[in-house]
Amino acid sequence: MKILVCIDGSERNEKILKEASLIAAGCQVNDLAVLHVYEPRLDPVSPSWGSRSHSLTETDNAYLCKLREQEKEERQKFLQEAVKYLEENNLKARAILKEGHPAHTIVTTAAEEGSDMIVIGSRGLGGLKKVFLGSVSSAVIQEAENCTVAVVK
């Protein structure tokens, strides 16, 4: 069995990892991958960063690229911490870091990896909004083919 565990860097990660550990421990898992997908906040080539009246200088671009690289390093760090957590629970895991639209990238990665299951968190909202899943988890449920999706609340 192949399991793809999706984390987003939030406080829910620990709960997602704990549930994924329980699932993996109860199955014969031969591949456990932890995926984090992010949409870059700092995209110097985005039209919103420059316009015809004001374009970015080389210094601006270099600074934004440096910030983007720092953001990527921070995400890689918490992804490695997730892998370490699973390994401390006697599960061999590997990390996957991708950039793109989260739901689409999760579904595409699951298909590429031949995953049998996706473990993903729900959106932690209170009140009436609690009835609805988050947009990413909902889209993954709808779009994932040939794959079970476990949503952790």
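This is a predicted model: local features need pLDDT of at least 70, side-chain atom pairs count only at pLDDT 80 or more; totals for chains, interfaces and linings use all residues.
**Tyrosine 38.** I placed Tyr38 in strand E2. Is Tyr38 buried or exposed? I list Tyr38 as buried, because its relative accessible area is 3%, under the 20% limit. I also looked up the pair Tyr38 and Leu97: they are 59 residues apart in sequence, and their C-alpha atoms are 8.1 Å apart in space.

**Overall layout.** I then went through the chain as a whole. I counted 4 helices and 5 strands. Read along the sequence, the order is β-α-β-α-β-α-β-α-β. The protein has 153 residues, and 35% of them count as buried. I took the contacts between residues at least 6 apart in sequence; 74% of these join residues at least 24 apart.

**Helix H3.** I turned next to H3, which runs over 102–113. H3 has 12 residues and reaches 16 Å from its first C-alpha to its last, close to the 16 Å expected at 1.5 Å a residue. Which residues of H3 are buried? I noted Pro102, Ala103, Thr105, Ile106, Val107, Thr109 and Ala110. The buried residues of this helix pack against E1, E2, strand E3 (94–99), E4 and H4. After H3 comes glycine 114, and I read a positive phi there, near 70 degrees.

**Threonine 109.** I picked out Thr109 within helix H3. I call Thr109 buried because its relative accessible area is 1%, again under 20%. Not counting residues up to four places away in sequence, Thr109 touches Leu4, Leu35, Ile96 and Lys98.

**Nonpolar cores.** I looked up the largest nonpolar core, which has 20 residues; Ile3, Val5, Ile7, Leu32, Val34, Leu86 and Val119 touch the most other members. Strand E1 (2–6), helix H1 (13–25), E2, helix H2 (58–88), E4 and strand E5 (148–152) each supply at least two residues of this core. Which element gives the largest share of this core? I found that H2 does, with 5 residues. I then listed the contacts of Leu32, not counting residues up to four places away in sequence: Leu32 touches Ile3, Val5, Ala24, Leu86, Leu91, Lys92, Ala93 and Arg94. I also noted a second, separate core of 16 residues, which includes Leu4, Leu35, Ala139 and Cys147. Leu4 and Leu35 were already on my list of residues that Thr109 touches.

**Largest pocket.** I counted 21 lining residues, and Ile7, Asp8, Arg12, Pro102 and Val136 lie nearest the centre of the pocket. The elements that give two or more residues to this lining are strand E2 (31–38), helix H3 (102–113), strand E4 (117–121) and helix H4 (135–143). The largest share of the lining, 4 residues, comes from E2.

Methods: Residues are numbered from 1 along each chain as its sequence is written. Side-chain values use heavy atoms; hydrogens and water are left out. On a 1 Å grid over the protein atoms alone, a cavity is a set of points where a 1.4 Å probe fits but cannot get out, and a pocket is an open set with protein on both sides within 12 Å along at least five of seven lines; lining residues have an atom within 4 Å of a point. A nonpolar core is a set of buried Ala, Val, Leu, Ile, Met, Phe, Trp, Tyr and Cys residues joined through side-chain atoms within 4.5 Å. Buried means under 20% relative accessible area, exposed over 50%, partly exposed in between (1.4 Å probe, protein chains only). Contact means heavy atoms within 4.5 Å. The expected span of a helix is 1.5 Å times one less than its number of residues.
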